[in-house]
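Reader: I would like a close look at one helix and the way it ends. Then take me around the rest of the chain.

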Amino acid sequence: FMLNPLHKDIIAAANQMVCELEFLTNQSQKNKNKLTPHQKNLYFSGLRNLGWVFVSTKRLCKKPFPEKITAVLAISFALIKGKRYSDFTIVNQSVEAVKKTHGKKLGSLTNFILRNILNNKLNASNDEKNSIAKWNAPKWWIEKIKKDFGNDAEEILDINRLHPPMTLRVSDSSEKIEKIKNELTNDQTKIIKLGPNSLGIVPPYDIRLTRPFKNGQISFQDLSSQKVTEFIKPEKGMFILDACAAPGGKTFAIASRFSSVNIISTDISNKRLKLLKLDLIRQDKYLLSKPKLLAADLKIEQDKNKILSMSQNGFDFIILDVPCSGSGVTRRHPEIPWNRSIKQLKKLVELQSQLLQNAWDLLKIDGTLIYSVCSIFKEEGSDQISKFIKTNNNATEVQNTLIKPRVGDYPELTKIENSYLGFDGFFYALIKKNRIEQI
């Protein structure tokens with residue numbers, strides 16, 4: 001539903017796209033919360049058509065131009081594809097958006113590009129079939145996925161273009177899942193039971209307005225992230241560290257399942273920990289164990305000692321969900337391939353290695369570290385763990401699991417309905433700390 005003239009919604013959505021593409025994280029989230037549903041739709045549609053714009057503008061223009069115009073064009077291309085408005089309206093309102101933000105000269109350039117796309121259907125079709133446009137990712141990103149996944153690469157790239165799944169985790173100590181499922185169901189939406197404590201929403205709607213969400217019985221958490229509870233079996237009184245914890249999905253999944261365990265949740269960001277604390281208040285009634293929160297940087301020795309002081313000479317389990325490229329969640333965040341680089345990936349791999357080593361120092365003998373990334377790149381997953389095992393003779397890899405992005409596969413649902421379900425791409429590794437025998 002559109003409240004503003006179309007050009008105003010295009011400007012708002014384009015500004016949000018620029019925030020994401022330039023990695024202005026704090027400003028981005030603040031602005032995103034202010035977008036209307038129509039503006040959010042334009043924003044996501046624009047992000048999913050960036051590749052097509054880059055291919056077309058490279059053919060039509062000698063020089064690249066400002067990201068704000070690229071963002072407006074991406075939204076315009078999405079509108080042309082969607083056929084919701086007349087071609088005249090799309091061109092007119094897109095040009096108006098650019099004129100208001102960048103002046104008449106660049107407005108004329110926008111007009112030229114859009115007219116060319118509309119009047120030369122064959123060229124536009126060829127542009128759209130280009131691999132960068134087809135899979136909405138830069139060439140290096142596409143080549144990397146093809147190198148790592150071979151015959152499975154195209155399926156992964158195709159899945160990443162779909163609408164992301166909305167998956168809910170139902171607290172273990174909550175009411176029966178069937179009762180919650182029935183309460184969330186409405187005339188427009190199907191609620192699918194995905195597991196003993198998981199529900200899928202087809203198509204998604206604003207669950208935050210429902211009683212079960214407000215009461216803390218349900219929370220947003222992808223199936224891949226929920227799997228963390230399958231990898232630990234803590235006994236009462238054990239100490240669990242959730243390092244890099246915010247926004248808290250894994251902390252709450254563990255706290256709502258295991259009673260009388262000591263959970264310490266740390267994060268480098270005070271701001272993110274405040275959000276975790278707010279969610280802790282929302283879910284408090286359904287947590288079997290109450291996490292303690294601490295702002296700390298694993299790379300700083302003084303902070304490591306603070307974390308250690310909250311345990312009994314070390315932790316029995318450590319969950320280390322490190323910063324990563326996000327290559328497993330591009331279905332959820334289509335801006336990711338465009339605001340990452342090979343150089344940045346290399347720095348992330350170095351940071352992951354450092355955090356892994358520092359977290360290892362806090363683990364008890366016979367304890368288990370669960371390393372995870374929402375990435376499907378080998379450097380951040382299996383290669384990272386192999387390197388760690390080689391340099392630590394007291395480490396044994398117990399298990400590693402790569403979860404590829406995938407859609408739902410429920411026979412009772414249509415293909416479109418299944419496309420609203422599935423898993424994010426994820427990697428887990430379980431590493432046990434051994435006692436080094438003295439010779």
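Which residue follows α10, and what is its phi near?

Author: G150 follows α10, and its phi is positive, near 55°. Keep in mind that this is a predicted model, in which local features need pLDDT of at least 70, side-chain atom pairs count only at pLDDT 80 or more, and totals for chains, interfaces and linings use all residues. Residues are numbered from 1 along each chain as its sequence is written, and side-chain values use heavy atoms, with hydrogens and water left out.

Start with the helix itself. Helix α10 covers residues 139-149. Helices (H or I, at least four residues) and strands (E, at least two) are DSSP runs, numbered from the N terminus. The buried residues of α10 are W140, W141, I142, K144, I145, D148 and F149. Buried means under 20% relative accessible area, exposed means over 50%, and partly exposed lies in between (1.4 Å probe, protein chains only). What do these residues pack against? The partners are α9 (131-134), α11 (153-159), α18 and β10 (395-403). Contact here means heavy atoms within 4.5 Å.

Now step back to the loop ahead of the helix. N136 sits between α9 and α10. Its phi is positive, near 50°, and N136 is not a glycine. Most residues other than glycine have a negative phi, and most peptide bonds are trans. N136 is buried, at 8% relative accessible area. A second case is D366, with a positive phi of about 75° in a residue that is not a glycine. D366 belongs to strand β9 (residues 363-373).

Two peptide bonds deserve a look too. The bond joining V202 and P203 is cis, with omega about -15°. P203 lies in the loop between β3 (198-202) and α13 (211-214). The bond from A246 to P247 is also cis, and its omega is near 10°. P247 lies in the loop between β5 (239-243) and α15 (249-255).

V329 lies in the loop between β8 (315-321) and α18 (342-360). V329 is buried, at 9% relative accessible area. Leaving out residues up to four places away in sequence, V329 touches I336, C374 and D424. D424 also joins a network of salt bridges with D222 and R332. A salt bridge is a side-chain nitrogen of Lys or Arg within 4 Å of a carboxyl oxygen of Asp or Glu.

The whole structure holds 20 salt bridges. Side chains of opposite charge can pair when their charged atoms come close. One of the pairs is K81 with E128, at 3.2 Å, N to O. K81 is in helix α5 (residues 67-82) and E128 in helix α8 (residues 121-129), so the pair ties together parts 47 residues apart in sequence. K81 is partly exposed, at 41%. E128 is partly exposed as well, at 29%.

Another pair is E417 with K190, whose closest N and O atoms are 2.9 Å apart. This pair links distant parts of the chain, 227 residues apart: E417 in helix α20 (residues 415-419) and K190 in strand β2 (residues 190-195). E417 counts as buried at 16% relative accessibility. K190 counts as partly exposed at 37%.

K304 is buried, at 5%. E301 is exposed, at 52%.

K81 comes up again in a helix contact. In α4, L50, W52, V53, F54, S56 and T57 meet T70, L73, A74, F77 and K81 in α5. By class, that contact has seven nonpolar, three polar and one charged residues. Ala, Val, Leu, Ile, Met, Phe, Trp, Tyr, Cys and Pro count as nonpolar, Asp, Glu, Lys and Arg as charged, and the others, Gly among them, as polar. The axes of helix α4 (residues 50-60) and α5 come within 9 Å and cross at roughly 110°. Axes are lines fitted to C-alpha atoms, for helices over the stretch in contact, with angles from 0 to 180 degrees between N-to-C directions. The two helices are therefore roughly perpendicular. Angles of 65 to 115 degrees count that way, under 35 as roughly parallel, over 145 as roughly antiparallel and the rest as oblique.
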